[in-house]
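Trainee: Could we go through this structure together? I would like to begin with the strands and then turn to the charged pairs.

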Amino acid sequence: MRLLQLDGDGNLRLTEFFQDDIPEYAILSHRWEAEEVTFKDLAAGTSKGKAGYGKIQFCGDQARRDKLEYFWVDTCCIDKSSSAELAEAINSMFRWYQDATKCYVYLPDVSRPGNDSADGSNEDWVWTFRKSAWFTRGWTLQELIAPASVDFFCRDRELLGNKVSLERHICEVTGVPAGALRGSPLSDFSIAERMSWTECRETTYAEDKAYSLLGIFDVYMPLIYGEGKDRALARLREEIDKTLRGSNRKDFSVTFSLSDAFDVEHFVAREDELSKIHKTLTGDGSRRVVVLIAYAKRHKDDYSAIFWLNIKDEDSVKQSFAKLAKQISREHPLAIPDSNQETNQNLDKLVEFVKAWLSLPNNIRWLMIYDNYDTPKLSGKADPAAVDIRKFLPESYQGSIIITTRSSEVKIGHSIQIRKLIDILML
């Protein structure tokens, strides 16, 4: 790892350190703009003539004020002409930010007035802070989460606050929970929830949409610029799945059974349909929906648990949840309280207990099949027998769902809005 240092004359000097010898350092988080100072510029002594030199100088000056001799800036501390060095740096980036004593976020699109308003409010700069383009960049997600200490500075290099004092605004703008900002292990948050933090973020290179998440998911993989975003994300998902195989999956495994699936043993689907289902459910993202039922038999080994529910009416689906509760409790006795009590009042509780179990952070490879959804609750329709499926869907970022229906009123592409599992597509 190369670190920058300001000498007595204000000149920049690069020093290379190995893992066991790295001193305390500050680190800069920023958006790349025109005329950034590169590693070659430092080597050639041409860095001061570039516009990007100013924020490097700022980082060094602020580090000195914080009694830190060394600091790191991504534009010039990595020799990007070496693909091997670039790959090592990107795979190490989360750790480098995590190990920094201080992280300085420089926001050139935020200007703080010299004097706050007479009533003591700071409404103007807070509004521009929340709108800063820094929050839209892919790489800045890990730069926000990884360091313990993050200070935000405006265009004039005045301190705006830190990620503790500005926590509410940061959470609202980014969708990142306070726990993640405060240093809770990222494994406490599901894979799909962490994926959701990146939905509105952009990267200059398409592949960086995946590469910028390596540290968020604690995985490593080679970089192949030119492979495209979809392939990069698919490789990322493969690496994530590798880390999840084993204990996490076993912790939530439930023996596969189709005892509640009517006539499924005799159901035959076309090969193209089953292939399309498999591709949809194993693709990137947290929202996957299909409608055919034979998929469960063919791909049962891909899931830690597969559950079948009859949703022809509310009583049937509640009874299905009660059976699920017993099924789960047989293999995980402490998971579902009162799973053997099936009073009407307790049925509602069992539904919530099962939904909560499905929503646990590491419980990510389940499949729920909602069968016979033939009387869906639709807007503008007052049918007392209609079932609102949203009441029976887990409030979860993970897992897969199949819904079968014969209703001609459910159109292709019709979306149901629910919490977390945002889009359920009925086909």
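Mentor: What follows concerns a predicted model, taken topic by topic.

Trainee: How many residues of strand β3 are buried?

Mentor: Strand β3 spans residues 25-29, and five of its five residues are buried.

Trainee: And which way do they point?

Mentor: Y25, I27 and S29 point one way from β3, while A26 and L28 point the other way. In a regular strand, side chains alternate between the two faces of the sheet.

Trainee: Which strand do three bridges join to β3?

Mentor: That is β4 (residues 70-72), which runs parallel to β3. There, A26 has F71 as its bridge partner. Four bridges also join β3 to β5 (residues 102-106), again in parallel, and in β5 the bridge partner of I27 is C103.

Trainee: Changing topic: where is Q62, and is it buried or exposed?

Mentor: Q62 is found in helix α2, residues 53-65. Q62 is buried because its relative accessible area is 11%, and the cut-off for buried is under 20%.

Trainee: What does Q62 contact, leaving aside its neighbours within four places in sequence?

Mentor: Q62 is in contact with Y104 and F153.

Trainee: Now the charges. How many salt bridges does the count come to?

Mentor: The count comes to 17 salt bridges. One of them joins E85 and R2, whose closest N and O atoms are 2.4 Å apart. E85 lies in helix α4 (residues 83-99) and R2 in strand β1 (residues 2-6), so this pair ties together parts that are 83 residues apart in sequence.

Trainee: Are those two buried or exposed?

Mentor: E85 counts as buried at 19% relative accessibility, and R2 counts as buried at 16%.

Trainee: What about E33 and K55?

Mentor: Their side chains meet in a salt bridge at 3.8 Å, N to O. E33 lies in the loop between β3 and α1, and K55 in helix α2, so the pair ties together parts that are 22 residues apart in sequence. E33 counts as partly exposed at 39% relative accessibility, whereas K55 counts as buried at 7%.

Trainee: Which residues are linked with them in a network of salt bridges?

Mentor: The network links R31, E33, E36 and K55.

Notes. Residues numbered from 1 in each chain as written. Predicted model: local features only at pLDDT ≥ 70, side-chain atom pairs only at ≥ 80, totals over all residues. Heavy atoms only, no water. Helix = DSSP H or I, 4+ residues; strand = E, 2+ residues; numbered from the N terminus. Buried < 20%, exposed > 50% of the residue type's maximum accessible area, 1.4 Å probe, protein only. Contact = heavy atoms within 4.5 Å. Pairing = 2+ DSSP bridges. Salt bridge = Lys/Arg side-chain N within 4 Å of Asp/Glu carboxyl O.
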